[in-house]
Amino acid sequence: MIKDKVVIISGASSGIGEATAKLLASKGAKVVLGARREDKLKQLADAIAKAGGQAAYQVLDVTQQSENDAIVKLAKDTFGGVDVMFLNAGLMPNSPLSAMRTDDWHQMVDVNIKGVLNGVAAVLPTFVAQKSGHVITTSSVAGLKAYPNGAVYGGTKWFVRDFMEVLRMESAMEGTNIRTATIYPAAISTELLRAIGDKATSQAMHGIYEKYGIPPERIANVVAIAIDQPEDTTINEFTVGPANQPW
Ligand SMILES: NC(=O)c1ccc[n+]([C@@H]2O[C@H](COP(=O)([O-])OP(=O)(O)OC[C@H]3O[C@@H](n4cnc5c(N)ncnc54)[C@H](OP(=O)(O)O)[C@@H]3O)[C@@H](O)[C@H]2O)c1
């Protein structure tokens, strides 16, 4: 059931996070929106309220543990608890390793890996105590296979795969009923490519996305399917992409 669930969404200011917030709110979820761009969050929360839904928002930099803790507190203070944590914030400044864009490497580790760790650390004590909860993450098809120009991005997304699988296993062993879902999208038309500073990589990726990209609402649908399962059922992994993209 989606109705009345309290769902925290990181990376809610655009793309997959924004589309998911709109869809879940339209199905009666209470959504708590986090990202760095406050103006975008406010616009989205206003649009959700105007459509009859419920949303709260707060600036969130997922690399800061205190800000992850604060958004969990916001969910509890505003809506009385938290049921789902959708750890979706991420960036993909791809380049060949020989371009030595080491700041980009470290930023991907900080956001795509440590952001997931910080988000789980913020919510896990609550989920363990209440013996229920749902952690959903956006990995990537780059978390399933290697792509040139994507060594670090792919590495961060492989990390998510391993981490989520162990979270699922340990929760089952400990009897805490925490459900997990890891989503592996292929080309989804969002703002993701804007972080690519390497010119040749940017051009190549834009070509791929122009040819194949499908809207972020497709991933929102999958998040809704995962949440909508009975409480005793986990759909653990989804690989989702354009039907015409070989990925
Ligand atoms: N689009 C695709 O083809 C595709 C494919 C596979 C996987 N993914 C994954 O899907 C997820 C969502 O990306 P998207 O495609 O929807 O791209 P997007 O439109 O660029 O959205 C990325 C979101 O992450 C947020 N973000 C970035 N750094 C952050 C930080 N430090 N703290 C908090 N939020 C941060 C951005 O918001 P602010 O800038 O406002 O903070 C934005 O809301 C990412 O994890 C991405 O790796 C996307």
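Modeller: Around the ligand there are 31 residues, and those that come nearest are Ser14, Arg36, Tyr153, Thr190 and Tyr209; a residue counts as near if one of its heavy atoms lies within 4 Å of the molecule. This is a predicted model, in which local features need pLDDT of at least 70 and side-chain atom pairs count only at pLDDT 80 or more, while totals for chains, interfaces and linings use all residues. Residues are numbered from 1 along each chain as its sequence is written, and side-chain values use heavy atoms, with hydrogens and water left out.

For Tyr153 the distance is 2.6 Å, for Tyr209 it is 2.7 Å, and for Lys157 it is 2.9 Å. The protein covers 98% of the 870 Å² of accessible area that the ligand has on its own. Such areas come from the Shrake-Rupley method with a 1.4 Å probe, and for residues only the protein chains shown count as cover.

Two helices each supply at least two residues of the shell around the ligand: helix 1 (15–26) and helix 5 (151–174). Helices (H or I, at least four residues) and strands (E, at least two) are DSSP runs, numbered from the N terminus.

The buried residues of helix 5 include Tyr153 and Lys157, along with Val152, Gly154, Thr156, Val160, Phe163, Met164, Leu167 and Ser171. Buried means under 20% relative accessible area, exposed over 50%, and partly exposed in between, with a 1.4 Å probe and protein chains only. Helix 4, strand 5 and strand 6 (178–185) are among the elements that cover these buried residues; contact means heavy atoms within 4.5 Å.

Val152, which is in helix 5, counts as buried at 19% relative accessibility. Leaving out residues up to four places away in sequence, Val152 touches Leu97, Trp105 and Met108. Val152 and Leu97 are 55 residues apart in sequence, yet their C-alpha atoms are 8.6 Å apart in space.

Next come the two ends of the helix. Asn149 and Gly150 both lie in the loop between strand 5 and helix 5. Asn149 has a positive phi of about 75° although it is not a glycine. Most residues other than glycine have a negative phi. Asn149 is partly exposed, with a relative accessible area of 29%, whereas Gly150 is buried at 8%. Gly150 touches Asn94 and Gly155, again not counting residues up to four places away in sequence. Gly150 and Ile235 are 85 residues apart in sequence, with 27 Å between their C-alpha atoms. After helix 5 comes Gly175, with a positive phi near 70°.

Strand 5 (133–138) can be followed through His134. His134 lies in strand 5 and is buried, with a relative accessible area of 3%. The side chains of His134 and Arg179 are joined by a polar contact of 3.4 Å. A polar contact is a pair of N or O atoms within 3.5 Å; within protein, one must be able to donate a hydrogen and the other to accept it, and residues adjacent in sequence count only if both atoms are side-chain atoms. Leaving out residues up to four places away in sequence, His134 touches several residues, including Asp83, Phe127, Thr180 and Ile227.

The loop between helix 4 and strand 5 holds Lys131. Lys131 has a positive phi of about 50° although it is not a glycine, and Lys131 is partly exposed, with a relative accessible area of 46%.

Helix 4 (102–130) also belongs to the surroundings of helix 3: the buried residues of helix 3 pack against helix 4 and against strands including strand 1 (6–10) and strand 2 (30–35). The buried residues of helix 3 are Asn68, Ile71, Val72, Leu74, Ala75 and Phe79. They cover an arc of only 150° around the axis, which puts them on the same side of helix 3; the arc is that of the directions from the helix axis to the C-beta atoms. The face turned away from that buried side carries the exposed residues Ser66, Lys73 and Asp77.
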